[in-house]
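Hi,

Here is the structure I promised to pass on.

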Amino acid sequence: MELRRAPFEIALDGTSLGSLSRNGTFEAPIEPGPHTLQVRAGRYTSRAQTFDLGDGDAVNFRCNGARLWPMYLASFAVPSLALMLKRA
């Protein structure tokens, strides 16, 4: 339930990049090179996703909440199971 009302915090390389409302989109300029992306909502986090960004490149990710009840219930013990972050 916490995931439905809280804005999502976007963290790039461990630093907050901004926030995102549910069903929203977010764009930000990022320097070329290796990066780690993570999304957080309250105590819930996605697993960190690493990617390399080339000069002039763009990268897209999608974030979803746990879709299956067993995964949702397991996220109470392991918060990184609550949000799924995938490269689009």
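Below is what I found, starting with the whole chain and ending with one residue.

It's a predicted model, so local features need pLDDT of at least 70 and side-chain atom pairs count only at pLDDT 80 or more, while totals for chains, interfaces and linings use all residues. Residues are numbered from 1 along each chain as its sequence is written, and side-chain values use heavy atoms, with hydrogens and water left out.

The chain has two helices and seven strands, in the order α-β-β-β-β-β-β-α-β from the N terminus. These are DSSP runs numbered from the N terminus: H or I of at least four residues for helices, E of at least two for strands. Of the 88 residues, 25% are buried (under 20% relative accessible area; exposed is over 50%, partly exposed in between, 1.4 Å probe, protein chains only).

The largest nonpolar core has 11 residues, including Phe8, Leu37, Phe51 and Leu85. Such a core is a set of buried Ala, Val, Leu, Ile, Met, Phe, Trp, Tyr and Cys residues joined through side-chain atoms within 4.5 Å. Strands E1 (8-12), E3 (33-41), E5 and E7 (83-87) each supply at least two of its residues. Beyond four places in sequence, Leu37 touches Ile10, Phe51, Phe61 and Leu85, among others (contact means heavy atoms within 4.5 Å).

Pro34 is 18 residues away in sequence, but the C-alpha to C-alpha distance is 4.2 Å.

Cheers
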